[in-house]
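Biologist: Could you walk me through reading a model like this one? I would like to start with the contacts.

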2 protein chains.
Amino acid sequence: MDDSKEENFLYLTRAGIDTHQEPVVYMREDCHVCRSEGFSAQGRVRVCVGERSIIATLNIVTGDLLSHQKAALSDSAWELLGAKEGDRAWFKHALPVESMSHVRGKLYGRKIGLEAARAIISDIHDARYSDIQLAAYVTACAANNLSLDETIAITRAMVECGQSFHWGDEVQVLDKHCVGGLPGNRTTPIVVAIVAANGLMMPKTSSRAITSPAGTADTMETLTTVTLSYEKMREVVRTQGACLAWGGSVSLSPTDDIIIRVERALDLDSEGQLVASVISKKLAAGSTHVLIDIPVGPTAKVRSQELAEVLGALLVDTGKALGMQVRTVISDGSQPVGHGVGPALEARDVLAVLKRSKGAPQDLRQRALTLAAQLLEMGGVSPPGDGLALASKTLDSGAAWDRFVAICEAQGGLKTPSLAPYRHPIVASKDGVVAMFNNRVISRLASLAGAPSAPSAGIDLHVRLGDKVEKGQPLMTLHAEARGELEYALDFYHAHPEALHIEEEVV
Amino acid sequence: MDDSKEENFLYLTRAGIDTHQEPVVYMREDCHVCRSEGFSAQGRVRVCVGERSIIATLNIVTGDLLSHQKAALSDSAWELLGAKEGDRAWFKHALPVESMSHVRGKLYGRKIGLEAARAIISDIHDARYSDIQLAAYVTACAANNLSLDETIAITRAMVECGQSFHWGDEVQVLDKHCVGGLPGNRTTPIVVAIVAANGLMMPKTSSRAITSPAGTADTMETLTTVTLSYEKMREVVRTQGACLAWGGSVSLSPTDDIIIRVERALDLDSEGQLVASVISKKLAAGSTHVLIDIPVGPTAKVRSQELAEVLGALLVDTGKALGMQVRTVISDGSQPVGHGVGPALEARDVLAVLKRSKGAPQDLRQRALTLAAQLLEMGGVSPPGDGLALASKTLDSGAAWDRFVAICEAQGGLKTPSLAPYRHPIVASKDGVVAMFNNRVISRLASLAGAPSAPSAGIDLHVRLGDKVEKGQPLMTLHAEARGELEYALDFYHAHPEALHIEEEVV
């Protein structure tokens with residue numbers, strides 16, 4: 001077929017519409033291209049400019065937004081194609097994505113082998129899957145529908161799809177990960193400092209928050225520079241044995257983010273896909289020894305000990321198959337960790353623990369020490385059983401703090417986190433005992449207050465489970481950078497008192 | 001939560017963008033609503049105007065398309081909300097759709113019971129599912145993943161969701177359906193005329209084409225009025241025993257179209273969902289005796305005899321559970337039926353058969369007689385085994401033609417289908433035998449020539465499987481209403497010679 005008939009082009013313009021990852025092309029239904037190609041709304045269209053081309057979903061312009069000679073691209077389509085205003089583009093029906101046949105095969109009971117996994121993941125990576133195709137893939141893999149072998153195949157394919165770090169052939173590279181964030185569970189900076197202070201290598205890359213009020217990268221950004229080039233990162237690691245960088249500037253297992261977005265929109269977990277996501281990121285980061293924290297609690301991501309154990313085994317086995325030693329720690333996920341929820345407030349807690357300040361949150365300290373202890377043992381600098389003593393000594397001696405400062409200096413200097421200008425206390429409505437936290441509602445509350453895009457926004461918690469409180473006593477303080485956001489979070493709190501449940505004391 | 005804070009509104013405007021079924025709302029990311037609510041791209045947002053509200057997917061306007069005081073709605077969102085230009089709208093995060101928990105449950109191995117089916121189908125009906133949620137539902141039900149009981153539950157829920165016809169308590173109501181259209185397989189008008197001429201009731205509602213070059217409603221529209229009110233339809237049926245109306249003006253099992261669109265986009269079949277779609281439409285139409293034509297062929301929807309039998313059994317059993325007698329006919333799906341493909345060209349074939357014209361396509365005649373015979377037997381006007389004789393007599397005597405004319409007159413008058421102004425023959429490139437048709441490519445070719453929106457466009461086929469042809473002999477003629485469409489179809493044909501395969505004759 002003569003796909004690029006000379007006259008059958010439109011001039012590209014930027015629509016100025018963010019459709020998230022799905023590339024969208026906008027055309028008038030009465031333009032010559034739509035008419036001659038027989039395109040219809042939501043069809044999948046190949047957009048070609050010179051040698052470059054992308055697949056986009058068609059939205060038909062029925063009004064006067066667009067001239068007959070133009071096609072507009074959504075932000076993601078524009079970036080993906082590398083388009084320029086006024087580029088001439090040719091259009092044709094996109095061929096069906098062939099790897100979808102493997103997704104269909106899975107639904108008919110066929111297993112996903114390595115070649116199938118590679119085809120699917122590489123098409124996802126190249127944005128050839130529409131959102132509904134992604135949803136079909138995620139659904140086909142959902143629940144506990146992936147075997148260990150399938151999980152291994154998908155993990156391997158995800159690693160191959162992005163950049164990888166290599167730190168040397170004989171080098172131990174330590175890493176940690178937390179499945180399903182508890183609000184405030186910001187152990188990473190403390191753990192990295194303790195581990196690096198003991199001479200082990202821990203080149204930590206972290207994510208920013210997507211829906212949570214803070215990711216480790218957001219928290220660290222209130223303390224130092226986290227957007228490091230590949231070269232800069234290697235240099236920091238060479239001198240300090242560790243870094244605390246944002247992972248987004250290097251492209252490690254990039255399909256992970258695409259898949260996670262759809263899983264989240266569907267509120268659909270896939271054990272196998274979760275394992276593939278975690279392990280692929282760690283493999284791509286060049287890690288050899290990985291510790292995974294699995295908090296368990298009624299409002300945490302993993303809700304029972306049993307599920308945590310199944311997940312843990314799958315993580316360990318998948319890592320092992322791909323040459324990585326994985327250990328898991330099942331931890332208490334019943335309440336937020338530390339006092340602060342939000343980038344700067346969590347950074348304050350991290351600094352307090354590292355500096356051994358009076359009032360430093362003991363739960364954050366204990367969790368960090370437990371994780372660091374395991375890593376010290378995995379890394380062979382402590383005999384089994386002695387890790388906790390070494391971790392505590394490293395923290396209490398100030399060695400961890402010194403190393404943390406050195407890492408921040410190497411990354412661009414240590415900053416002081418800012419303080420939010422607007423604050424509002426939330427007080428107990430009655431006497432009683434703090435009986436339950438809803439982690440999800442607490443996270444949402446901190447997000448509505450502005451975290452993480454407003455870095456000093458969030459929540460400062462003043463009570464923990466089991467604390468006795470009196471009517472009128474402050475339970476937490478909302479922090480915000482704009483009055484509107486503060487009010488909005490307050491409104492949300494009043495509509496969702498389940499954030500923190502006070503029960504009358506049983507005498 | 002005070003969701004409709006007085007000042008937190010935007011003025012609605014129509015975006016003039018057709019996003020198909022998924023309602024989309026467009027807002028600037030820096031408008032006060034996006035900021036205060038913390039909305040992000042692709043989030044699900046409840047849009048409220050007065051007492052009315054819809055759920056829409058958020059697309060963020062990053063350019064200057066929209067003022068800070070406005071939100072724009074896609075065409076489907078606009079219709080669904082019944083919005084007016086300048087309406088004040090309030091916005092909040094949409095609550096998670098609760099029935100998705102049943103979809104998740106299905107993935108974890110729980111069966112979909114009647115209550116779950118009702119919840120899912122009613123949410124789909126009310127446009128509460130985003131496209132990716134629909135994709136997850138369709139995927140969860142895909143392949144042969146629905147049991148008979150689940151299929152029955154979903155069928156019942158789909159019927160309950162729309163209008164239903166009731167033709168009287170003791171009345172037999174006949175109906176037919178074809179699974180997966182062969183191009184040109186337009187038996188319905190002939191079957192209805194024969195059945196009605198024998199005093200049986202057959203109030204036929206048909207669909208328009210979605211991706212095929214013609215639906216029965218499109219074909220009938222070239223001959224008479226098919227958009228009938230409920231009352232008009234009843235009146236036609238009362239006087240003629242039958243009608244040939246478009247089903248879209250009455251809302252029978254409306255979720256069917258929504259689900260089918262996503263299945264098609266994913267190229268994903270669900271046996272159970274297909275059965276639920278077919279049976280629910282027939283139940284809603286008030287049918288008591290239904291004959292289902294299942295064409296089998298390598299490029300038909302059903303590709304093997306075995307699959308056809310499994311599907312047939314599921315159709316019969318589901319119908320039975322819901323009080324409807326279903327019979328199936330497995331037919332040859334190896335090539336298009338009749339000569340014409342496209343609304344007017346198929347109408348011409350139908351008229352030729354009904355009028356016993358010389359050159360009337362014998363395959364169309366035979367298929368129609370076979371189906372009519374079964375219905376005459378099911379309806380009890382012919383003893384088992386004698387239906388074919390009665391059907392032939394009804395057709396050959398002119399009684400079927402007379403009844404067809406009477407039905408068309410009752411619906412608004414019989415018209416003559418128009419002829420396409422642009423035509424182009426496609427000739428054999430070599431001597432040989434017609435060895436294979438690709439039904440999908442033939443359909444696509446007719447669609448590209450303009451069918452069905454250009455009613456006289458399509459293909460006129462001059463040869464059938466097994467015919468000897470000589471180089472240069474016309475194989476088919478393309479019909480179009482615009483020169484551009486004719487050329488486009490021709491280009492497509494040249495790129496897809498597999499539409500019709502000529503093999504050298506084995507001597």
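Modeller: Two residues are in contact if their C-beta atoms, placed from the backbone, lie within 7 Å. In chain A, of the contacts between residues at least 6 apart in sequence, 78% join residues at least 24 apart. A word on the source: this is a predicted model, where local features need pLDDT of at least 70, side-chain atom pairs count only at pLDDT 80 or more, and totals for chains, interfaces and linings use all residues. Residues are numbered from 1 along each chain as its sequence is written, while chains are lettered from A and ligands numbered from 1 in the order in which they are written.

Biologist: How many residues does each chain bring to the contact between A and B?

Modeller: Chain A gives 51 residues and chain B gives 51 residues. Elements of chain A that each supply at least two residues include strand E5 (52–61) and helix H18 (483–495). Helices (H or I, at least four residues) and strands (E, at least two) are DSSP runs, numbered from the N terminus.

Biologist: In which sense do E5(A) and strand E2 of chain B pair?

Modeller: Strands pair if DSSP finds at least two bridges between them. Here E5(A) runs antiparallel to strand E2 (residues 17–18) of chain B, over 2 bridges. A:Val61 has B:Ile17 in E2(B) as its bridge partner.

Biologist: And what percentage of chain A counts as buried?

Modeller: Buried means that 20 or more other C-beta atoms lie within 10 Å of a residue's own, with C-beta atoms placed from the backbone. In chain A, 57% of the 507 residues count as buried. The C-alpha trace of chain A spans about 80 × 55 × 45 Å along its principal axes.

Definitions and conventions:
A residue is buried if 20 or more other C-beta atoms lie within 10 Å of its own, exposed if 12 or fewer, and partly exposed in between; C-beta atoms are placed from the backbone.
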